[in-house]
Amino acid sequence: MSLKVYIGGKFVDKEDAKISVYDHGLLYGDGVFEGIRSYAGKVFRMKEHVDRLYESARAIHLVIPMTRDEMARAIEDTLAINNFTDAYIRLVVTRGAGSLGLDPRRTTDPQVIIITDSISLYPEEYYENGLAIITAGTIRNHPAALSPRIKSLNYLNNIMAKIEGTNAGCLEALMLNHSGYVAECTGDNIFIVKKGVIHTPSIDAGILDGITRQAVIDLATSLGIAVVERTMERHDILTADECFLTGTAAEVIPVTKLDGRPIGDGEVGPISRKLRSAYGKMVRGETV
Ligand code: PXG
């Protein structure tokens, strides 16, 4: 049986789930999205993801034509109709079809799309040995140009950095901000461990306010590990004891090399390991 996609308020076979070539989501990247997971039939941090979607939409002056409760119900219904328990959920809201030209007032009918599918993860060996990453030459969008807090359909900034990473044989790339400070990776937030304390760039570095990032900050705090949100330099990563990334898809993944240089002793550190395990237990509903 074909996967069903929610589009235009209906469930449609994957092959028939289509939008207009005049949709400003396609023409201009004018729209917003979310990437969410469900574990054992429960959507992880549903409220946080739905709230972030509506905030992203608000920030680009896009009115989503359904309430947050209706959106949450549509997500649950899409999972149910596809018999998914552990899934990747992609919410997309486009500006809708209109005439050619940037003006959003030329559009009608924002399109709400919900795709549920199986999740593709980093291979297990990277959790065991850690990722090697590089620093991209592409800086993160200046917050006054397009705020990185908006999960918009225009992800070219991150894609450019991702290409630099893959060209260098790396699955992720570090992005600095317009002031040269550490921002985040192309689809993950970044943390370091130094002398038993966790450090991560503050939101005002110009980063996505990651939902996994906040969950890991809360988890570390509950485990008695101090977390500091601050301005960070690349120097801080190069001289860290440990480094790890957080994201919906990756969960918590260690980084053991930056720009060809080992971080700490080049092995996955104990705090990264502990948080990965505790996070895995939390999302899968076991006690930490
Ligand atoms: N930074 C950026 C730039 C991201 O895009 C994160 C950090 C981590 O945020 P969360 O809230 O997931 O902890 C992201 C997340 C996809 C996809 O399909 C992308 C993300 C998440 C899920 C799926 O490309 N990016």
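From which domains does the shell around the ligand draw at least three residues each? In this predicted model, local features need pLDDT of at least 70 and side-chain atom pairs pLDDT 80 or more, whereas totals for chains, interfaces and linings use all residues. Residues are numbered from 1 along each chain as its sequence is written, and side-chain values use heavy atoms, without hydrogens and water.

Domain 1 (4-117) and domain 2 (124-283) each give at least three residues to the shell; the domain bounds come from an automatic or database assignment. The ligand is surrounded by 20 residues, each with a heavy atom within 4 Å of it. The closest are Tyr88, Arg90, Tyr155, Thr212 and Thr248.

Polar contacts are pairs of N or O atoms within 3.5 Å. A polar side-chain atom of Thr248 lies 2.5 Å from a ligand oxygen, and one of Arg90 lies 2.6 Å from an oxygen atom of the ligand. For Glu184, an N or O atom of the side chain is 2.7 Å from a ligand nitrogen. The ligand alone exposes 540 Å², of which the protein buries 87% (Shrake-Rupley method, 1.4 Å probe).

Notes. A polar contact is a pair of N or O atoms within 3.5 Å; within protein, one must be able to donate a hydrogen and the other to accept it, and residues adjacent in sequence count only if both atoms are side-chain atoms.
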